[in-house]
Each structure stands twice: as structure tokens, then as C-alpha cells.
Amino acid sequence: MDVKTCRKCGRLFNYLSGPPICSACKDELEKKFAQVKEYIRENPRASMKEISEENDVPQQQLQQWVREERLEFTSDSPIQMTCESCGTRIQTGRFCESCKGKMASGLTNAFKKDEPKPVEKPKKKDGNHMRFMNKD
Ligand SMILES: [Zn+2]
Ligand SMILES: [Zn+2]
């Protein structure tokens with residue numbers, strides 16, 4: 001058996017698998033997760049900040065649960081996740097179904113290559129902003 005230092009409380013514990021967190025902290029985290037999940041169910045329109053403050057959970061932790069697809073938000077929620085690959089609105093995780101499908105079939109390996117990106121026409125909103133600023 002492996003002995004590790006708990007990343008949260010610093011105590012030594014017998015490490016089995018998963019994140020390096022002792023069972024006490026893991027239980028604590030699971031309790032928080034259940035609490036947050038319940039909170040979101042009752043307050044589907046709560047923002048990330050509200051959820052974080054009301055449940056005393058760092059936003060970083062909330063985001064991690066979302067990435068792990070353990071938390072999801074309804075379309076009512078002000079919290080909108082976007083696909084890290086194409087920017088489509090998604091409700092949980094990191095990628096939309098379509099990108100996940102592409103990744104599964106290996107087509108998106110291209111993303112990891114160091115080839116220069118094809119030049120795209122800039123579609124940034126900054127353009128409008130600049131024009132607005134220069135109006136007078
Ligand atoms: Zn601990
Ligand atoms: Zn996508």
C-alpha cells in the first residue's frame with residue numbers, strides 16, 4: 001500500500017486510487033457535491049458565484065465537476081459552458097457531442113499538430129468596438 005500526503009488537509013493516508021485526497025476529505029467533498037447538486041436543482045438560475053458562496057465551495061471545484069460531467073446546468077441557467085473545441089453551447093463537460101464524436105473517431109488529431117492554422121477572417125467583436133470608438 002502506498003502512503004501519500006492528502007492534498008487538502010496534509011495528513012498522511014493510505015493511498016488507493018484517484019486524486020491524492022484522504023478518505024475524510026473525500027467524504028467531505030462528496031457531501032459538498034451532493035449539496036451543490038441539490039442546490040442547483042432547487043436554484044436552476046443561480047450563478048457560479050452564488051453556488052460557490054451559498055455552498056462554500058470554490059468556483060474552481062465547481063468547474064472541475066462540470067468538466068467531469070458530474071454537474072450540469074439547464075438552459076435556464078446563467079451559467080453557459082461552451083465547447084472548448086468549437087464554442088457551441090453545452091450543458092456539461094468540455095466538448096459538444098459533435099466534437100466528442102469527431103475526437104472518438106480521431107479526426108481532431110489535427111488540433112494537436114503544430115501546423116500553422118489556416119488564416120481566417122477576423123470575426124471578433126473588437127472590430128465593431130473600434131469603429132464605435134472612432135465614430136467622432
Ligand atoms: Zn485530507
Ligand atoms: Zn464542439
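These legends describe close-up views of a predicted model. Local features need pLDDT of at least 70, side-chain atom pairs count only at pLDDT 80 or more, and totals for chains, interfaces and linings use all residues. Residues are numbered from 1 along each chain as its sequence is written, and side-chain values use heavy atoms, with hydrogens and water left out.

**View 1. The protein chain has five helices and four strands.** Helices (H or I, at least four residues) and strands (E, at least two) are DSSP runs, numbered from the N terminus. Along the sequence, the pattern is β-β-α-α-α-β-β-α-α. Of the 136 residues, 25% count as buried. Buried means under 20% relative accessible area, exposed over 50%, and partly exposed in between (1.4 Å probe, protein chains only). Contact means heavy atoms within 4.5 Å. Among contacts between residues at least 6 apart in sequence, 27% join residues at least 24 apart.

**View 2. Helix α1 (residues 23-42) crosses helix α3 (residues 59-67) at roughly 80°.** The two axes come within 12 Å. Axes are lines fitted to C-alpha atoms, for helices over the stretch in contact, and angles run from 0 to 180 degrees between N-to-C directions. From α1, the contact uses Leu29, Lys32, Phe33 and Val36. From α3 come Gln61, Leu62 and Trp65. These contact residues divide into five nonpolar, one polar and one charged. Ala, Val, Leu, Ile, Met, Phe, Trp, Tyr, Cys and Pro count as nonpolar, Asp, Glu, Lys and Arg as charged, and the others, Gly among them, as polar.

**View 3. Gln61, Leu62, Trp65 and Val66 are the buried residues of α3.** They sit on the same side of α3, because they cover an arc of only 145° around the axis. The arc is that of the directions from the helix axis to the C-beta atoms. Their cover includes α1, α2 (48-55) and β3 (81-82). Beyond neighbours within four places in sequence, Trp65 is in contact with Leu29, Lys32, Phe33, Val36, Val57, Arg70 and Leu71.

**View 4. The largest nonpolar core has 26 residues.** Such a core is a set of buried Ala, Val, Leu, Ile, Met, Phe, Trp, Tyr and Cys residues joined through side-chain atoms within 4.5 Å. Val36, Ile51, Leu62, Trp65, Leu71 and Phe73 have the most contacts inside it. At least two residues each come from β2 (12-15), α1, α2 and α3. Helix α1 supplies the largest share, six residues.

**View 5. Ile21 lies in the loop between β2 and α1.** Ile21 is buried, at 6% relative accessible area. Ile21 and Cys6 are 15 residues apart in sequence, yet 4.5 Å apart in space, C-alpha to C-alpha. Not counting residues up to four places away in sequence, Ile21 touches Cys6, Arg7, Lys8, Phe13, Lys26 and Leu29.

**View 6. Ser52 lies in helix α2.** Ser52 is buried, with a relative accessible area of 13%. Leaving aside neighbours within four places in sequence, Ser52 is in contact with Val57, Pro58, Gln59 and Leu62.

**View 7. Asp56 has a positive phi of about 55°, and Glu69 one of about 65°.** Most residues other than glycine have a negative phi. Asp56 is in the loop between α2 and α3 and is exposed, at 60% relative accessibility. Glu69 is partly exposed, with a relative accessible area of 41%.

Technical notes:
Chains lettered and ligands numbered in written order.
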